[in-house]
Amino acid sequence: MNSMNDTGVVAGPAPGRTGRAHRFRGLAGTGFAATLAAMAATTLAAALAQAAGVDFEVPDGGETIPLPGFAVVTGFFSVVGIVIAVALLRWSARPVERFVWTAVSLTAISLVPPFLVGANTATVTALLGLHLVPAAVMIPTLARSLRARTD
């Protein structure tokens with residue numbers, strides 16, 4: 001079939017437009033990299049606190065929190081943060097603002113349990129700091145990534 005209007009050029013996405021799947025994959029990729037960084041930073045901070053004499057003993061269960069436990073919990077809740085960011089990118093008109101508000105609120109709520117477990121002051125103080133370490137990694141990274149995908 002030969003036509004005068006046939007140029008042989010295949011149409012693709014408009015220049016400057018990013019596909020939805022690409023935006024989500026990019027956000028998730030950035031989030032997973034930040035998750036690994038948050039897990040490493042939190043575990044390192046816990047190891048330093050332990051070396052300084054913090055025992056991480058929780059009297060309610062009578063057990064000591066192991067170092068790998070910090071990495072696992074950090075990883076789990078960081079992935080929850082990624083899911084929230086992806087959902088807001090998909091369904092919110094203002095995903096960056098909503099994400100920051102949600103993440104900061106959830107971080108503030110996460111600061112309550114260390115006071116409730118009956119641990120000594122050093123352990124409570126260390127646990128509070130260890131809640132803030134991954135938040136300091138994840139929230140700005142995901143907010144920046146969201147902003148780059150909504151501009």
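**Reading rings, a helix and a pocket**

Guide: A search of the whole structure, which is a predicted model, finds 2 aromatic pairs.

Visitor: How is a pair of aromatic rings described, and what are the distance of the centres and the angle of the planes for phenylalanine 76 and phenylalanine 77?

Guide: A pair of aromatic rings is described by two quantities, the distance of the centres and the angle of the planes. For phenylalanine 76 and phenylalanine 77, the ring centres are 4.9 Å apart and the planes stand at 85 degrees, so this pair is edge-to-face, given that an angle over 60 degrees counts as such.

Visitor: Are phenylalanine 76 and phenylalanine 77 buried or exposed?

Guide: Phenylalanine 76 has a relative accessible area of 51% and is exposed, and phenylalanine 77, at 55% relative accessibility, also counts as exposed; the cut-off that both values have to pass is 50%.

Visitor: Turning to helix 2, how many residues does it have, and how far does it reach from its first C-alpha to its last?

Guide: Helix 2 runs over residues 67-91, has 25 residues and reaches 37 Å from its first C-alpha to its last, which is close to the 36 Å expected at 1.5 Å a residue.

Visitor: Which residues of helix 2 are buried, and what do they pack against?

Guide: The general idea is that an α-helix has 3.6 residues a turn, so residues three or four places apart point the same way. In helix 2 the buried residues are Phe70, Ala71, Thr74, Gly75, Ser78, Gly81, Ile82, Ala85, Leu88 and Leu89, and these buried residues pack against helix 1 (20-51), helix 3 (95-110) and helix 5 (121-150).

Visitor: What is the volume of the largest pocket, and which residues are the closest to its centre?

Guide: The volume of the largest pocket is about 790 Å³. Its lining is formed by 30 residues, of which Val73, Phe77, Ser110, His131 and Pro134 are the closest to the centre. The elements giving two or more residues to this lining are helix 2, helix 3, helix 4 (113-116) and helix 5, and helix 2 gives the most, with 10 residues.

Visitor: How do the residues of that lining divide into nonpolar, polar and charged?

Guide: The lining of the largest pocket has 21 nonpolar residues, 9 polar residues and no charged residues.

Visitor: What is serine 145 in contact with, leaving aside its neighbours within four places in sequence?

Guide: Serine 145, which is found in helix 5, counts as buried at 5% relative accessibility. With those sequence neighbours left aside, serine 145 is in contact with Gly26, Leu27 and Thr30.

Visitor: Where does phenylalanine 56 lie, and what is its phi?

Guide: Phenylalanine 56 lies in the loop between helix 1 and strand 1 (57-58). Although it is not a glycine, phenylalanine 56 has a positive phi of about 55 degrees, and with a relative accessible area of 0% this residue is buried.

Visitor: What can be said of proline 113, and how are its C-alpha atom and that of valine 124 separated?

Guide: Proline 113 lies in helix 4 and counts as partly exposed at 40% relative accessibility. The C-alpha atoms of proline 113 and valine 124 are separated by 9.2 Å, the two residues being 11 residues apart along the chain.

Visitor: For the protein as a whole, how many helices and strands are there, and what pattern do they follow along the sequence?

Guide: The protein has 5 helices and 2 strands, and read along the sequence the pattern is α-β-β-α-α-α-α. Of the 151 residues, 32% are buried. Among contacts between residues at least 6 apart in sequence, 75% join residues at least 24 apart.

Conventions: Residues are numbered from 1 along each chain as its sequence is written. This is a predicted model: local features need pLDDT of at least 70, side-chain atom pairs count only at pLDDT 80 or more; totals for chains, interfaces and linings use all residues. Side-chain values use heavy atoms; hydrogens and water are left out. Helices (H or I, at least four residues) and strands (E, at least two) are DSSP runs, numbered from the N terminus. The expected span of a helix is 1.5 Å times one less than its number of residues. Buried means under 20% relative accessible area, exposed over 50%, partly exposed in between (1.4 Å probe, protein chains only). Contact means heavy atoms within 4.5 Å. On a 1 Å grid over the protein atoms alone, a cavity is a set of points where a 1.4 Å probe fits but cannot get out, and a pocket is an open set with protein on both sides within 12 Å along at least five of seven lines; lining residues have an atom within 4 Å of a point. Grid points are joined across faces, edges and corners, and a volume is the space filled by probe spheres set on the points. Ala, Val, Leu, Ile, Met, Phe, Trp, Tyr, Cys and Pro count as nonpolar, Asp, Glu, Lys and Arg as charged, and the others, Gly among them, as polar. Rings of Phe, Tyr and Trp (its six-membered ring) pair if their centres lie within 6.5 Å; planes under 30 degrees apart count as stacked, over 60 as edge-to-face and the rest as tilted.
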